[in-house]
Structures are given as C-alpha cells and as structure tokens.
Amino acid sequence: MQRQTMKKENIIFILGILILVSLEFFLHRKVPFIMDDLWYSTNLATNEPLASLSDVFQSQVWHFNNWGGRVVTHGLLQLTLMCGELFCDLLNTVLSLLLAGIICLVARKRSVLSFFLSFALVFSLNANIKMSMAWQSGSANYLYATTWILLFVWVFLRQVNNPSTAPLPFVHIWIPFLGLITGWSNENMGPASFLLAVMAIIYLKKWAKEKIPVWMYTGTAFCLLGSAFVILSPGNFVRVSNIEETGLLQTIYERILSMLSAGTDFLFPSVILLSLVLLIYTLCFKCKLQPAHLMLLIYAVLSYGAMVLSPHYPDRATFGTMCVCIVLTVSLLSDLLSKKHLSVKHVYVFSFLIWLYAVYGIMLELYPLIH
Amino acid sequence: MKTHKFDFYKFIILPLIVCAALALSFYALHDLQTAEGAGLYLSLLSGQSDRTFCDILTDILGMLLFIIVLLLPCLVTRNLSVESFCRFFAAYLAFMPVVHPGEVVHIVEHLTHFVLRDSIVTFDILQLLFFDCEPLFRLLQTLLPFTFLLYAICRIKVQSKKQIPWGLPACIALFATAYLLFSNLGYLTLFVTVYLLLFLCYLLWEVLLKELPAFNKWSRILFLIFLLRGIYRILMLISTSHV
C-alpha cells in the first residue's frame, strides 16, 4: 500500500518535471542566437564565419590574448553554435536535467523528489533564466560550466563524506582534465573550486587522518592552473586598459553597490531560503552540519566574494553560487525529511510552491516572446 | 550583590541601526515625494504659490505614517522590544513594495469606484497572469515559500496551536484576489497583501522565538541580510529620484 502511494507520488513528480522540461524547451526554441552569439559565430581573428575546428582554435587563441581567459566556455560555445539552433536547444535542455542530477549527486540525495526539487529550484531561484540558460553564450558560460564544476566538487566531497571510499574508475586519468576545465571556467567559481579542493585535502589530512590519494593533489593543482589561465590571461589586461579609469572612492562605491545588488537582489531568494533551512536544521532540530555542508557553505561565500574583484556582477553571473545554495538546501531538507523532523506533506507543499514559481518564471520569459 | 551586565547590543547597537535606517528612509521619502510632486500637488490643491510648506508637511506626515505602519505589529501583539521592532523594520525594508507618494495623494479618488482589469473583461488570462499580476508574484517569490516553511516549523514546534494566527491567511487571500480583479485598487491591495503576509511572518517568528529562544542569536544574520537588502533598495530609490 505504501509502495503504491510512493509510486503514485513519483509519477506526479515526473509529470511536474516533464511540464518544466517542455516549457524550458519551448523557451529555448523561442530564443534565437542573439547578441554575443552572432560575434562568436565568426572566427574572432579573421571575422569570417566559423567553418572548422581550426577556426575555433584560432578564435580562442585570439580570445585568450585579446579578450579574456574564458577560452574553454567560449570554445564550447563556438562548437555548439556551429551545430545550429535545434542542436543547442536540445543540448541545453538535456544539460539542465543533467545539472539537476548532479545537484542531487553532490547533495547525496537520490530520489525522484530531490531531483524534482533541484530542477524546480534552478528555475524558481534563477535571477535571469533567459540570459543564463536560454541565451547560448549564457548557457555555455553558466549552465554548461556549472555542470562540470559541480562534478569536480562531487568527486572531492565524495571523499570527504566517506574517506575510506574506493576512488572512482580511472580517476587518475580524467581528474587533471576535469580540474583544468573547472579552474578555467570562470573567474569566481574556478578559484573557489580550487579552495574547496584544498579544504577537502586539509580536512582529510588533519581531521580524518587519512592518507591523501595522489589524484586529489593532481586535481587541485590542475584546478589552480586553470584558474591562473582564466584570471591572468593577457586578454583580461587588454580589456581592462580599454575601460575608462575612475577614482578609488568611485570604484569602491561601485563595487560595494554591485556586491549588494548581487547578494541582496539576484541571490536574495537563494540566500534567504538557505538561511532559513540552515536555522531550522541546526537550531530547531539540533542536527549537526557535516564537514561537506560546511565546505559547501564556505564555497558559496567564496564564489560570491570573489566577484568583488570584478568590475561587473550581472544577474546571470550568480548562477553558480545559486546552484551551490540549491545543493545545500536540497541536502538539508531531504535530511530533515528522512529523519522525520519535517512531515512529507510539508515538503510536498513546499516543493509544489517552488515548482509553481519555476513554471511562472519560465512563462514570464516566454510571454513577451509569444505575445 | 547581583550586577546586571549592560546589554550593549540592545541599548546601543539596535537603536543606532533603527535611527540610521529611519534617517535613510526619510531621505528617500523626501527625494521621492519631491520628484513625484506630492507636496506640489497638495500646495496646488490648497492654493499656495510656494510648495515648500507642503513639501515639509508631506515629509513629516509621510514619516509619521511610515513609523505607525512599522509599529503596528508590535503594538497589536504588545511586544514593544527594540529587537522585535528591528526585525519587522528590516523585513519591511526588504520585502514591501515601494510606497509612491504620488500614488498616495490620489488614493481617495481610487476608492470611489471599482474598475475591473482589462485582461479580465477580455478574458486574456496570459496578460492577467504574466503582465498585470507580475508585481505581486515577484514580491511573493521569496516571501511565500519562506512563510510556508516558517508555518510548517511552527506547526511542529509550537505547543499551543492557539498561538498560530489562522484568520490572517484568509485576509491575505481576499486582498490578493482584489488585486487580481481591480486595476484602480492594484496599488493599495498590493501593499496590504504583502503587509499582511509580512505581519503573518512576524507573528509566526515571534511565536517560534518564544518556544526556541536559542533561535534568536543566529537568526540575526537573516535580519542583517534583510537590512542590507533594504539599504540597497533605498540607495537605488535615491539614485533614481534624487534631483
């Protein structure tokens, strides 16, 4: 009887996910290649339309030396642009589902409800769905990058949660590559990921008193290398030199304002929900935060704080930090449910509210495009 | 002999924060009302050539009304502690829609009749949901799930269920429905809907604090975030309306 009820609820969650996926795909179809997509559809060095992989390579060399360090995400962007709009729309939809799956993986919660909640939270808490997931340049920089960044985080936190666990198959081979592209993704998540990896190593060495596997050192080192590439690329300095110089006080005021706007406006729903869930978890029900939870919390703060060095902090740039907050929210809420502190009814209603806002958020983006 | 430790936080920090927030709010109110011409409108109505007196009067009246609206929950619940007031103040600044003095001076005219929204008359559900009601949904985006979680915890943790107010949600639903239906009452009903929801959160929070006093210390971080958001919103308001 209980099994039948669970099956019925899972069907409802899957239906909810399918509705969101359909709306999301429809949004992708309605948003064509726009703005930077058109520029990246050309060979940046020669201004000719992209025709081959060598054009992409040449573009990214130019990009690295003249525009900025994000060659991994922009190289991927150019490859997807070459495949056409339908391919990009399908890829973006699949990757958003994959992202929700990876959020559940990092949160260590493998249930249909957790997946449903993660997927819905990505849309309902998103400060700008269109520019971070539907606009192809935004997708490559934020949706795609956050997917492999969280994968990197999962590999390390997996070890933290269970220090004696066996390593993943062939990890020595692929972790340098994953570390490199994680560090090389963007200027705030890359360095924050490196610091998370360092925290994991320090925790395992000092508190868990475990021998650190070599792959952890390799992954961390390559993440640092990637971060160095993205921050120290010559292109960043060329761009900075083109920006009009402002006085120190003006710069400080603008940075404070941009950090306030990101933290208290774009990230406000994510931060407030996470803060409340944390208070409930630790103070109401006296549950202890695991080391992985604390590391994720520090990671979220670092990824936000790193942006103080950036002259601009647009709403779409909060996507990575938002996903880290979602990991924590899903992990803690699912814990409370499994320990029977929160009733199933309450979690279902909360999840339904989040889903409703996810649908509304996507429809808000769609409405001006179809009206 | 028992020595009472001076509560620096309660008697110095909190009053300073309240004064600073009120001063900033007054500055924003002054900028907004002069830019929107609320004082000018009142001076024209009263036949005065110089708007200065009406501007000052509008500023004073506006602040008085603002303080009354802030104090109301504390007065109703007879909870006159500075900390409780600060909590509601911070939440008000973070969540409430901006009160435009230009709209307030015309409020009486709006109450004389009811005008159904065009989207309801023409059965344009899409326009109703994604254009007309967008302000309400945006404001409730964080507040609604937050309120629900708070309510769920109160249901579990609070011993006496009588402490949880049941009538308020019905009033909130009523005003939200009025917002959906009537375009001329949109501004007023939006304000009242969100205010009542905030009042409900305030009541739930105070009830929870009584049951779990340990909640108070760490929850200050939450209210600090509310206050920072409020400061950001005020700065944005000043930057657009300051002449």
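Predicted model: local features only at pLDDT ≥ 70, side-chain atom pairs only at ≥ 80, totals over all residues.
1. Start with the overall size of the interface. Chain A and chain B bury about 3600 Å² between them, and 82% of that area sits on carbon and sulfur atoms. On the chain A side, A:Tyr357, A:Tyr360 and A:Tyr367 supply 18% of the area buried against chain B, more than any other three residues. In residue terms, 33 residues come from chain A and 40 residues from chain B.

2. Polar links across the interface come next. There are seven residue pairs in polar contact between chain A and chain B, counting pairs with both residues at pLDDT 80 or more. The salt-bridge count between the two chains is one. That bridge joins the side chains of B:Arg229 and A:Asp265, at 3.5 Å from N to O.

3. Which helices of chain A each supply at least two residues of the side that touches chain B? They are helix 13 (248-266), helix 14 and helix 17 (344-370). Helix 14 gives the most to that side, with twelve residues. Sorted by class, the chain A side has 25 nonpolar, seven polar and one charged residues.

4. Now for helix 14 of chain A (residues 268-284), which packs against helix 9 of chain B (residues 134-157): their axes come within 9 Å and cross at roughly 10 degrees. An angle under 35 degrees counts as roughly parallel, so helix 14 of chain A is roughly parallel to helix 9 of chain B. From helix 14 of chain A, the residues in this contact include A:Phe268, A:Ile272, A:Leu276 and A:Ile280. From helix 9 of chain B, they include B:Pro145, B:Phe146, B:Leu149 and B:Ile153. By class, this helix pair has 13 nonpolar, two polar and one charged residues.

5. Helix 17 of chain A gives another helix pair to look at, this time with helix 8 of chain B (residues 125-132). The axes of these two come within 10 Å and cross at roughly 105 degrees. Since 65 to 115 degrees is the roughly perpendicular range, helix 17 of chain A and helix 8 of chain B are roughly perpendicular to each other. The class count here is eight nonpolar, one polar and no charged residues.

6. A word on chain B as a whole. Chain B has twelve helices and zero strands, and its C-alpha atoms fill a box of roughly 65 × 45 × 30 Å along the principal axes.

7. Finally, salt bridges away from the interface. Over all chains, a search of the whole structure finds nine salt bridges. One of them joins the side chains of A:Arg70 and A:Glu187, at 2.8 Å from N to O. Where do the two partners sit in the chain? A:Arg70 is in the loop between helix 3 (53-66) and helix 4 (71-82) of chain A, while A:Glu187 is in the loop between helix 9 (171-183) and helix 10 (189-206) of chain A. The pair therefore links distant parts of the chain, 117 residues apart.

Methods. Residues numbered from 1 in each chain as written. Chains lettered and ligands numbered in written order. Heavy atoms only, no water. Axes fitted to C-alpha atoms, helices over the stretch in contact; angles between N-to-C directions. Helix = DSSP H or I, 4+ residues; strand = E, 2+ residues; numbered from the N terminus. Parallel < 35°, antiparallel > 145°, perpendicular 65-115°, else oblique. Contact = heavy atoms within 4.5 Å. Nonpolar A, V, L, I, M, F, W, Y, C, P; charged D, E, K, R; others polar. Buried area = accessible area lost by both parts, 1.4 Å probe. Salt bridge = Lys/Arg side-chain N within 4 Å of Asp/Glu carboxyl O. Polar contact = N/O pair within 3.5 Å; in protein donor to acceptor, adjacent residues only side chain to side chain.
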